[in-house]
Amino acid sequence: MITPNVHYAELKDSYLFYHIAQKTGAYLAAHPGAHLYRMGIGDVTLPLCPAVIAALHEAVDDQASGARFHGYMPECGAPFLRSAVAAHYGARGVRLAEDEVFISSGASDELGDILDLFDRSASALVIEPAYPAYVDANVMAGRRIVRLPSGRADGFLPEPCPEAAADLLYICSPNNPTGAVFDRARLQRWVDFANEHGSVILFDAAYEAFIAEDGLPRSILELDGARTCAIEICSLSKTAGFTGTRLGYTVIPHELVRGGMRFQDMWVRNRTTKTNGVSYIIQKGGAAVFTPEGQRQIRENIGYYKRNALILTEALDRLGLWYCGGRNAPYIWLRCPDGMGSWDFFELLLREIQVVGTPGEGFGACGEGYFRFSTFGSREDTAEAAARLTALLGGR
Ligand code: PLP
């Protein structure tokens, strides 16, 4: 009889958002017709921008034309999109060769798939609180996980330390769930640490487009020495509203070599074996994001979410609750009031004001006592949630 991958049995039972859905479902069953102010899951609500929609329509018409029809796309990505991404980095001073850019169906897919490049004996460092997929993808592969807790004292941006030594280092900046962003000096210390230890950083840049302050690194490849230790995984999901359309990209520098093997070559081999590329239509839509018109339009959408963040942080300021994030990230990470546990605070908000957020405990043990608000909701819901929060907690 075949032996299943027994590591699946080691996965934590109920996934965070499944648990939240169960609790909100039970509330709605008991209160039919109630409106919930959903500030929990990080999914966008604004539609794709007009430049992307026009490009998608055009690409559909191409597929209806004998002369312009496209069959299989190159496995590593269409040259027009790989070069558009490389040019986008170039405009920010990061020189990339076109073949260092790989087009993907999104960051989630890549964060799981990229692990094919590393031996199963490799250990993985996860800075907690963390996006749950980092842990789960490595548990499934049977890897040893090194957890580095972060907290208010270090601004949720821990320094490298001997306990953080691992083969793979996950760094997410701007961070989900905390909204914290590594500045250049702090990130440089992680790059130096990775080079000293021969580790590889998996840099999750899914929220880079939300960085508002000048001088904060949007790509790890802006830093000295990153080309010998980092893979960058990015996505158009939050940058341009592609959560349901699916498109991302991964950058693997040529100089990233371990044990005499070049990861860029290995990934070409992997992709040409395991995928047949991303749809032509979607890649055309994605390329429109990198045009001047597309960039202007996605900025407007990001500005809308940033305004939501301001509405919420102003309410938290008035309430005197500690938080971080919101400024350079679409997430606000707050300390639950009066020493409450994060699931208790979740229940309180659901029961009293019908606001749904995400309990910090779901992102790792050190997230207990914290709570995440997403700013991807509608303006109306966000403003009402902020008003309800103020009314509920204002009299404390
Ligand atoms: N990385 C982080 C930190 C995320 O928060 C998310 C989605 O919420 C992803 C990756 C996955 O993004 P994608 O939609 O590109 O799969």
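Among the 15 residues around the ligand, Asn176, Asp204, Tyr207, Ser235 and Ser237 come nearest, a residue being counted as near when one of its heavy atoms lies within 4 Å of the molecule. The model is a predicted one, in which local features need pLDDT of at least 70 and side-chain atom pairs count only at pLDDT 80 or more, whereas totals for chains, interfaces and linings use all residues. Residues are numbered from 1 along each chain as its sequence is written, and side-chain values use heavy atoms, with hydrogens and water left out.

A polar side-chain atom of Tyr207 lies 2.5 Å from an oxygen atom of the ligand, a polar side-chain atom of Asn176 lies 2.7 Å from a ligand oxygen, and a polar backbone atom of Ser108 is 2.9 Å from an oxygen atom of the ligand. On its own the ligand has 390 Å² of accessible area, of which the protein covers 92%, the areas being computed by the Shrake-Rupley method with a 1.4 Å probe. Two or more residues of the shell are given by each of α4 (107–113) and α7 (237–240), where helices are DSSP runs of H or I with at least four residues, strands are runs of E with at least two, and both are numbered from the N terminus. The helix α4 gives the most, with three residues. By class, the shell has seven nonpolar, five polar and three charged residues; here Ala, Val, Leu, Ile, Met, Phe, Trp, Tyr, Cys and Pro count as nonpolar, Asp, Glu, Lys and Arg as charged, and the others, Gly among them, as polar.

Pro177 lies in the loop between β5 and α6, and Pro174 is placed in the loop between β5 (168–172) and α6 (184–197); the bond from Ser173 to Pro174 is cis, with omega near -5 degrees. Most peptide bonds are trans, and most residues other than glycine have a negative phi. Positive phi values are found at Asp338, near 55 degrees, and at Gln354, near 60 degrees.

Four cavities of 30 Å³ or more were counted, a cavity being a set of points, on a 1 Å grid over the protein atoms alone, where a 1.4 Å probe fits but cannot get out, with lining residues having an atom within 4 Å of a point. The largest cavity holds about 80 Å³ of space, and of its 13 lining residues Ile127, Tyr170, Ile171, Cys172 and Asn175 are the closest to its centre. Its lining divides into 11 nonpolar, two polar and no charged residues, and the largest share, three residues, comes from β5. The second largest cavity has a volume of about 60 Å³ and is lined by 13 residues, of which His88, Glu208, Thr239, Gln295 and Ile298 lie nearest its centre. This second lining has six nonpolar, three polar and four charged residues.

Methods. A polar contact is a pair of N or O atoms within 3.5 Å; within protein, one must be able to donate a hydrogen and the other to accept it, and residues adjacent in sequence count only if both atoms are side-chain atoms. On a 1 Å grid over the protein atoms alone, a cavity is a set of points where a 1.4 Å probe fits but cannot get out, and a pocket is an open set with protein on both sides within 12 Å along at least five of seven lines; lining residues have an atom within 4 Å of a point. Grid points are joined across faces, edges and corners, and a volume is the space filled by probe spheres set on the points.
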